[in-house]
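The following note sets out numbered points for a colleague who is reading the structure alongside the text. Please consult the sequence and the coordinates as each point is taken up.

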Amino acid sequence: MNLTLHLVGSDLRYLRHYLGLWLGLVILQAVLVGYAPQLSPVSTVERAHAFSLSSFAWLVAVLKICLLSVIVAQLVQKDSTIGSTAFWLSRPISRARLLLGKVLFLVAAIILPWLLVEVGLLFLTGVTPHDTLRSVPQVVFLTLLAVATLMMLAAVTTSLARMIFAGGVAMLGLPLLWLFVWSAWSLFRFGTGTFARDDIRVALPVPPPIFDPVYVGIALVLLVTAVAVAGHQYLTRKTTGSRVMLLAGVCLVLLSMGRWDGVLGTTSPGLDKEIPDPAQVEVRIEEESLLFGTSRDPMVLLGLDRDKKMLLKGSIVPSPLPPDVAVVPAQISARLVLPSGNPLADHVSRSNYAFNSSGRSGPLHLNGDSAAVLRQALRGTTLLSNDGPAGPHRSELFALGKDLHDRHRGIGMVYSAQVDFLVLRNAISLLRLEKGARYRRGSNRVEIVSVDTSGRFLGHLIVHLDEFSHRLMQDGRRQITYLLINRSRRQALAGWDRGDSLTVPPLMSSFFPMLQVRRLRLRFSPPRSGPSIGPDWYDGAELIRVDTRDLGWFSKSVRLEDLVMERIAQSSPKPAGADG
Amino acid sequence: MNAIIETHELTRRFGKTMAVHNLSLQVPEGSVFAFLGPNGAGKTTVIKMLMNMIRPTSGSARMLGTDSLRLGPAELARIGYVSENQQMLEWMTVQQLIDFCRPMYSTWDPDLCRQLIRQFELPLNRKIKTFSRGMKVKASLLSSLSYRPELVILDEPFTGLDALVRDEFIRGLLELSGRSQWTILVASHDIDEVERLADWVGVIDKGEKRLAEPTASLQARFRQCEATLEPGRELPETLPDSWLVAERAGQVVRFVESRYREDAGDQSIRSALPGLKDLAVRPMSLKAIFLALARTYRLYE
């Protein structure tokens, strides 16, 4: 062990200047996040070309990764395991000891300081000790992932330039190739008609144990690959074998994409006690809401699929639901059956809101599911967005080829579907609309920095606020929306937010969220249509914060007897806030 | 003979190139073994296989009684290795290099280290990267000899050393090996460098062993011969296999006898050359033997 520590000490001396710089960047990044509100005056978010702290934080994050690459490359390649000229090869240093020395160095000089600074940052930004402790495994996991991946690349190359090239090929080139192959394959696969229902497995990524199983799955495979390749290279010095392992690992990552939902994400329904018991919930399709629209399928638009699709849309209404709970039809697996009893077609539709992290829109143009969730949160209050009052939400019930539609439009058919509902909980908090008003719940806090009422006679109001939010990938998906509510008029107005946001970890926060510090500028404007919003509306208004969290899912069956397609209106409806 | 290094049909192939072919060799304990061969003969490849730096394609090697593939810290602590190809820790000063190496060896000898520093005139506080090539070799030697290794392997150690330093180094090495009973394997393409040093010689060419034997026996069996034939006499159609690089100029025939026996005198030569008028037989230097061998193998190709 003494000799191992001796090797670590020698590496520390060798890399001391780089390590100083590294620590400086880690601390700078923490300072940027921790003191973001003080460093970012209200005026910076007003000006279009203002200095952006978030851009600077990104730059620091990129520099940090670059510097980490240099440090790991220097550390590993100065005692190279490739070739036969390294100094250590003729010295009484075993391969295992050399590997242990490098690992100890990385733990002591990179991972531990990184962890300490991040934990300190969380603590200083008001995250509770409990949440701070919960963050430790995630910080360690991500740090380990970055360090192990770089170590793997450094171990199988002989210089920083080659390491970057190998990294580029492995991390960018192969995924691009995979994307190309996948696109070409899907062009042929999805080019025809409908899906058979049995092909699609119900695998909803809720409720959590893990934020998004795809990212965690990919990260885990990458981490295991990195550890295996670096370990293999150090212990055997068989570089060709290690490179083959690296390629195999990257291919495994690519092949495993999209396969993690079923492994990590699918959980039994009803884990949360607030998830409704399906037996107690009635689900119906409002027949008067049914509507046929034409599909904006890119394959059709590109002319790759000549069979134009007709989309059957309608409102699915479950009731009763517990208070504070909202549901979104996440996946509809449907079938149309002819009077003869033979199926005409099957179709599966998935909600963007439920399945994609990016599917949750901002409040300016609330998409269908977002608006539906907020409307369920507000219960009885009209939701006004920029386009006007949000109308009833219609889900995509079925998609049918135009030709098939035309041939069977006059026949009475049976529509049956299994609907998998995503269950969400809305937590609503109220803030007085005045400077200094604060909200705090656990590790999350908000403070109104200023309320600009100068434009309220024209119907505009601007609110600046600072927001510290803490969440971890295992907490599941969460969305925070700010609205102005006038309780006496039973109206809520969605705002348009713009702001400077600093997130930790900076480059991976969309996959592995931890801490978000935002200086938000919320701009509320009267809708283009609908009720008028004036100074008196704002006088009675309060700011509400809707914190929407995924809880889980439940499934129900729905059925429509004697569905005659020609009786359904055909249009391309675009009421405000409807139809996502 | 107690061999400290042993190879058995050691073979290494790089793609289509056969770098070392079926090399079987023994280096006796306590010897100074000159491992000779022209550039590209395969000396460095053999040494790297001995040191487990590269794996043999086939065959095996043993160092200090251990299979070279299992050479571990315990064996490496008993081996001093200096090579012109070895990377040095150039970011260190000599003092830092000493401090780095010392804890690895329980046999580290501070007195010997100081003596070598004096002998090599190495500045302790200068970074190695600022050194000339010769100085770097000296620093490498310092870090490889200060722990009194039982086996010293030197791969082209004299590259970059000027004649004076080389001379001093050879003297120092001889002194040390004599005093400490070290076994030294010196690989070189230049016989001049090791002539005074070696008591055993091995010659390798194109990856194959040409000979390996004690210097004394080699010098005893090689003789430079100059025979003058009687006028009108022709050379026999076939000459003995043991005659190397035979040349004729008029009635004078010059060759190297590689199986000369002191006790038999000139008898075998005289019987092979009827009509011999005069014969001069001279002992040969190691360099002359090496050159004769090199010319022979090239001639036979």
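1. Helix H13 of chain A, residues 368-378, is mostly covered, with 10 of its 11 residues buried. A residue is called buried if 20 or more other C-beta atoms lie within 10 Å of its own, exposed if 12 or fewer do, and partly exposed in between, with C-beta atoms placed from the backbone. The buried members of H13(A) are Gly368(A), Asp369(A), Ser370(A), Ala371(A), Ala372(A), Val373(A), Leu374(A), Arg375(A), Ala377(A) and Leu378(A). Just after H13(A), Arg379(A) adopts a positive phi of about 45°. Helices (H or I, at least four residues) and strands (E, at least two) are DSSP runs numbered from the N terminus.

2. On provenance, this is a predicted model, in which local features need pLDDT of at least 70 and side-chain atom pairs count only at pLDDT 80 or more, while totals for chains, interfaces and linings use all residues. Residues are numbered from 1 along each chain as its sequence is written, and chains are lettered from A and ligands numbered from 1 in the order in which they are written.

3. Chain A as a whole contains 15 helices and 18 strands. Of its 580 residues, 43% count as buried. Among the contacts in chain A with a separation of 6 or more, 78% are between residues 24 or more positions apart; two residues are in contact if their C-beta atoms, placed from the backbone, lie within 7 Å.

4. Chain A is divided into domain 1 (2-196) and domain 2 (426-551), with bounds that come from an automatic or database domain assignment. The C-alpha centres of these two domains of chain A lie 33 Å apart. Across their interface, 26 residues of domain 1 are in contact with 27 residues of domain 2. On the domain 1 side, the elements giving two or more residues are helix H2 (16-34), helix H3 (36-39), H4, helix H5 (95-124) and helix H6 (129-155) of chain A. The largest share of that side, 6 residues, comes from H4(A). By class, the domain 1 side has 14 nonpolar, 9 polar and 3 charged residues. Here Ala, Val, Leu, Ile, Met, Phe, Trp, Tyr, Cys and Pro count as nonpolar, Asp, Glu, Lys and Arg as charged, and the others, Gly among them, as polar.

5. Which residues does Ala61(A) touch, leaving aside those up to four places away in sequence? They are Gln29(A), Pro506(A) and Leu507(A). Ala61(A) lies in helix H4 of chain A, residues 53-77, and counts as buried because it has 21 C-beta neighbours inside 10 Å. Ala61(A) and Leu507(A) are 446 residues apart in sequence, yet their C-alpha atoms are 6.9 Å apart in space.

6. Strand S13 of chain A (residues 461-470) has 9 of its 10 residues buried, so it is largely enclosed by the rest of the structure. Strand S12 (residues 444-452) of chain A pairs with S13(A) in the antiparallel sense over 7 bridges; two strands pair if DSSP finds at least two bridges between them. In this pairing, Glu447(A) stands opposite Asp466(A) of S13(A). S13(A) is also joined by 10 bridges to strand S17 (residues 515-524) of chain A, and these two strands run antiparallel. There, Ser469(A) has Gln516(A) in S17(A) as its bridge partner.

7. A further sheet of chain A is open and has 3 strands in the order S2-S3-S9, with antiparallel pairing. Its edge strands are S2 (291-294) and S9 (395-401), each of which pairs on one side only. Strand S2(A) is joined by 4 bridges to strand S3 (residues 309-314) of chain A, and Gly293(A) stands opposite Leu311(A) in S3(A).

8. In chain B, the domain assignment gives domain 1 (3-217) and domain 2 (223-283), and the C-alpha centres of these two domains of chain B lie 40 Å apart. Val253(B) belongs to strand S13 of chain B, residues 252-257, and counts as buried because it has 20 C-beta neighbours inside 10 Å. Not counting residues up to four places away in sequence, Val253(B) touches Ala227(B), Leu229(B), Leu235(B), Ala246(B) and Arg248(B).

9. Between the chains, 18 residues of chain B are in contact with 14 residues of chain A.
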